[in-house]
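Please keep the sequence and the 3D view at hand while going through the points.

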Amino acid sequence: MEEENEKIIEEAQSAAEQATTSRGLYEAKMKFLGRTGKVTALLKSMREIAAEQRPAFGKKVNELRERLEALFAAHEAKVKEKELASKLESERVDVTEPGRHTAKGALHPITRTRNELIDIFAGMGFEVFEGPEIESEYYNFTALNTPADHPARDMQDTFYITDEFLLRTQTSAGQIRLMEQKKPPIKMLSPGRVFRSDDDATHSPMFHQMEGLVVDKGITLCDLKGMLDQFARTMFAETSKTRLRPSYFPFTEPSVEVDVSCSACGGKGCPLCKGTGWIEVLGAGMVNRRVLENCGVDPDEYTGFAFGMGIERIAMLKYGINHIRLFTENDVRFLEQFKD
Ligand code: DAH
C-alpha cells in the first residue's frame with residue numbers, strides 16, 4: 001500500500017509538471033481526484049477489504065488524497081501566475097506610441113455655403129421651398145414672362161427632355177410653384193441644382209442656385225437693397241457694401257444686377273475684382289406684374305422683389321476658389337480644406 005501510494009504521488013507529480021495551462025492541470029487533477037479518478041477507485045475498493053483492515057486502509061487513502069490535493073494546489077498557483085504574466089504581457093499598452101488618427105469628414109463647400117445662406121435668410125424670416133429639378137417649359141419660362149423667342153429657350157442653352165419638359169435652368173421656376181400654392185405675404189428661399197449647356201472655368205453644366213422671393217403689400221426696391229446689405233455684411237465682411245446696376249430679366253421690372261464691395265481689397269481694386277473694387281454676386285428686381293398675374297396675385301394690391309444667386313459663385317468668392325470644376329472633382333486635398 002505504502003509503495004503503491006508513492007507511485008501514485010510520483011505519477012501525479014509528473015502529470016502536474018507537464019500541464020502548462022489551468023485547464024490541462026485541472027484535467028490531470030481529475031485523473032486522480034475526480035469522480036472516476038484513482039483515489040475514488042481506491043475508496044470504492046474498500047468494500048472488498050477485510051473489516052479489521054479497513055480503518056488503516058481508509059487512513060492511508062485519506063493521507064494520499066490530502067497529499068495529492070496539496071500537490072495540485074501548489075502547481076495551480078504556479079500555472080495561474082504564469083498565465084497572468086503572459087496575459088499582461090500580451091495586453092500591454094505602450095503609452096509612448098503615437099496615436100492612430102481617425103479621418104474626419106467635412107461638409108462639401110457647396111453644402112456649407114448653401115447652409116450658410118439658408119442661416120442668414122432664415123434669420124430674416126425666409127422659409128425654404130424646394131421645387132423639382134425636372135420642370136415644364138411653363139414653370140421654367142412661360143410663367144416667368146420669358147417669351148418663346150427668348151435666347152435662353154434655345155436648345156444651345158437648355159437641356160430639353162421632351163418638347164414640354166426640361167432640366168430647370170433656374171430656381172426661379174420655384175417662384176411660380178410657390179405662388180400658386182400660397183397667398184402673400186410670402187418670404188421664400190429656394191435652393192437647388194440647375195442645368196445649362198455651358199462649360200468653362202466659371203460655368204458648369206450643373207450648378208446650384210439660391211432663389212429668394214418676397215411678396216407683400218407695399219414692398220419696394222428699398223426693402224431689397226436693405227436686405228442685400230444685411231446679407232453682404234453677414235456673408236462677406238462687416239464693412240461690405242452693395243450697389244445696384246440696371247439690368248434686364250424677363251420676370252422682374254425694374255431689374256438689377258447686384259455688386260458687393262470686394263472683400264479682398266476692401267474696394268480699392270485688386271486682381272479678384274479686376275481693379276473695379278466691386279464684384280457681381282446676383283441678379284434681382286421687382287417681380288414683374290405679369291408674373292404676379294400669372295399666379296393669380298393682384299399686382300395692384302401686392303408688390304414683391306426676387307433675387308437669384310449662384311452658390312458656386314458665392315463659394316468661389318468667399319473661399320478664393322479659381323475653378324468651378326474643383327467642386328465636382330472630389331479631390332480630397334481640396335475638400336479637406338473646408339474642415340471646421
Ligand atoms: N434666374 C436668374 C438667372 O438664372 C437669376 C435671377 C435674376 C433670379 C433676377 C431672380 C431675379 O429671382 O429677380 O440668371
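Contact here means that heavy atoms lie within 4.5 Å. The model is predicted, and the residue lists and distances that follow should be read with that in mind.

**Helix packing**

- The axes of helix α5, which spans residues 109-122, and helix α10, which spans residues 311-319, come within 9 Å and cross at roughly 95°.
- Because angles from 65 to 115 degrees count as roughly perpendicular, α5 is roughly perpendicular to α10.
- On the α5 side, the residues that meet α10 are I110, R112, T113, R114, E116 and L117, and their partners in α10 are I311, E312, I314, A315, K318 and Y319.
- By class, the residues of this contact between α5 and α10 divide into 6 nonpolar, 1 polar and 5 charged.

**Ligand site**

- The ligand is surrounded by 15 residues, of which Q170, S172, R196, Q209 and E211 are the closest.
- Sorted by class, this shell around the ligand consists of 5 nonpolar, 8 polar and 2 charged residues.
- Three strands, β5 (206-216), β8 (278-287) and β9 (303-310), each supply at least two residues of the shell around the ligand.
- An oxygen atom of the ligand, in turn, is 3.4 Å from a polar atom in the backbone of F307.
- Taken on its own, the ligand has 350 Å² of accessible area, and the protein covers 90% of it.

**Backbone features to check**

- Most peptide bonds are trans, and most residues other than glycine have a negative phi.
- P184 and P185 are joined by a cis peptide bond with omega of about 5°, and P185 lies in the loop between α7 (173-181) and β4 (186-195).
- A cis peptide bond also runs from E253 to P254, where omega is near -5°, and P254 has its place in strand β7, residues 252-261.
- N145, a residue other than glycine, has a positive phi near 60°, and N145 is placed in the loop between α6 (137-140) and β3 (165-167).

Methods: Residues numbered from 1 in each chain as written. Predicted model: local features only at pLDDT ≥ 70, side-chain atom pairs only at ≥ 80, totals over all residues. Heavy atoms only, no water. Axes fitted to C-alpha atoms, helices over the stretch in contact; angles between N-to-C directions. Helix = DSSP H or I, 4+ residues; strand = E, 2+ residues; numbered from the N terminus. Parallel < 35°, antiparallel > 145°, perpendicular 65-115°, else oblique. Nonpolar A, V, L, I, M, F, W, Y, C, P; charged D, E, K, R; others polar. Near = heavy atom within 4 Å. Polar contact = N/O pair within 3.5 Å; in protein donor to acceptor, adjacent residues only side chain to side chain. Areas by Shrake-Rupley, 256 points an atom, 1.4 Å probe, with all protein chains shown as cover.
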